[in-house]
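Subject: Structure for you to look at

Hello,

Here is the structure I promised to pass on. Please open it alongside these notes.

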Amino acid sequence: MEQMINVTEFILLGLTQNPEVQKLLFAVFTVIYFLTVAGNLLIIVTITTSRALGSPMYFFLSFLSFIDGCCSSTMAPKMIFDLLTEKKTISFSGCMTQLFAEHFFGGVEIILLTVMAYDRYVAICKPLQYVIIMNRRMCGLLVAMAWAGGFLHALIQILFIIWLPFCGPNVIDHFICDLFPLLKLSCSDTHIFGLFVAANSGLMCMLIFSILITSYVFILCSLRTHNTERQWKALSTCASHVTVVVLFFIPCIFVYLRPMITFPIDKAVAVFYTMVTPMLNPLIYTLRNSEVKSAMRKIWSQRVILGNNSHE
């Protein structure tokens, strides 16, 4: 069957048609996006420039911040710009690119969160073997695996949808190009593909989320043999990780683990995982981590000292 595409661009309906609400959302989302980029960039700079944050946990955290910044940047600027335009359009190739980027960075983050859970398991349950197991080569291999897994996940999604025929309506009731809104516009029967999306995205999210929560429960149970100080430190670290895992996975499970139907609340959920979660992650990790806060204060004090010396 030959590919049949008559649609060259899609019209995005966006979040709302109310001009006043659009202006308000423009201001709010611009601030959120700025905080997201600034917060994640601050974590990356702090970890890469601080010798005290040289452990694998912070190595993975710097990559998580990079992924959060990239994931938000693939969707937020377009959404913010569209809030000021009357006609919100995106080309077919642009739509496919956005869809690929969304699932690529999302897939990388899923695997990276799993890697971070494994890192905490080794650190807490096998502390004497931690340095041997989580060596530099292993850390690099795990990050490379996350990139490869995210690419494979996004490639599978895009290869299936890019060959679907789009020959009729081109209005997407969303502010981004996502799988279910696109499937509704296809000229062919997409029921089978809808089940595939639920399996490839929804079921995968549900399975990994269950494994992650189980692993953290196992880690917390093992803390009974540790002293009080180590228990508190491990609890604080695990609480941050579990919070990030819940904020990321619950919206993804809600959106993708269901039949091929869309709900009005889908837009609000999409705003949460594209805008709010990437902004909250830096706050969650810094507010509950004394080492990161200490490193940030040290960098800030060094900049103040250098600034004062340059004026003398």
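First, a term: buried means under 20% relative accessible area, exposed over 50%, and partly exposed in between, with a 1.4 Å probe and protein chains only. This is a predicted model, in which local features need pLDDT of at least 70, side-chain atom pairs count only at pLDDT 80 or more, and totals for chains, interfaces and linings use all residues. Residues are numbered from 1 along each chain as its sequence is written, and side-chain values use heavy atoms, with hydrogens and water left out.

Overall fold

The chain has 10 helices and three strands. Helices here are DSSP runs of H or I with at least four residues, strands are runs of E with at least two, and both are numbered from the N terminus. Their order is β-α-α-β-α-α-α-β-α-α-α-α-α. The radius of gyration is 22 Å, close to the 20 Å from the globule rule for 312 residues, so the chain is as compact as a globular protein of that length. That radius is taken over C-alpha atoms, and the rule is 2.2 Å times the number of residues to the power 0.38. Of the 312 residues, 48% are buried.

Cysteines

How many disulfides does a search of the whole structure find? It finds one. The cut-off is a pair of cysteine sulfur atoms within 2.5 Å. The partners are C95 and C177, with sulfurs 2.0 Å apart. C95 sits in helix α3 (residues 92–125) and C177 in the loop between β3 (171–172) and α6 (179–183), so the bond ties together parts 82 residues apart in sequence. The link is left-handed, at -125 degrees about the S-S bond. C95 is buried, at 0% relative accessibility. C177 is buried too, at 0%.

C125 is partly exposed, with a relative accessible area of 26%. C139 is in no disulfide either; its nearest cysteine sulfur, in C238, is 17 Å away. C139 is buried, at 5% relative accessible area.

P77

P77 lies in helix α2 (residues 56–82). It is partly exposed, at 33% relative accessible area. Leaving aside residues up to four places away in sequence, P77 touches Y33 and S72. Contact means heavy atoms within 4.5 Å. The C-alpha atoms of P77 and M138 are 35 Å apart.

Best wishes
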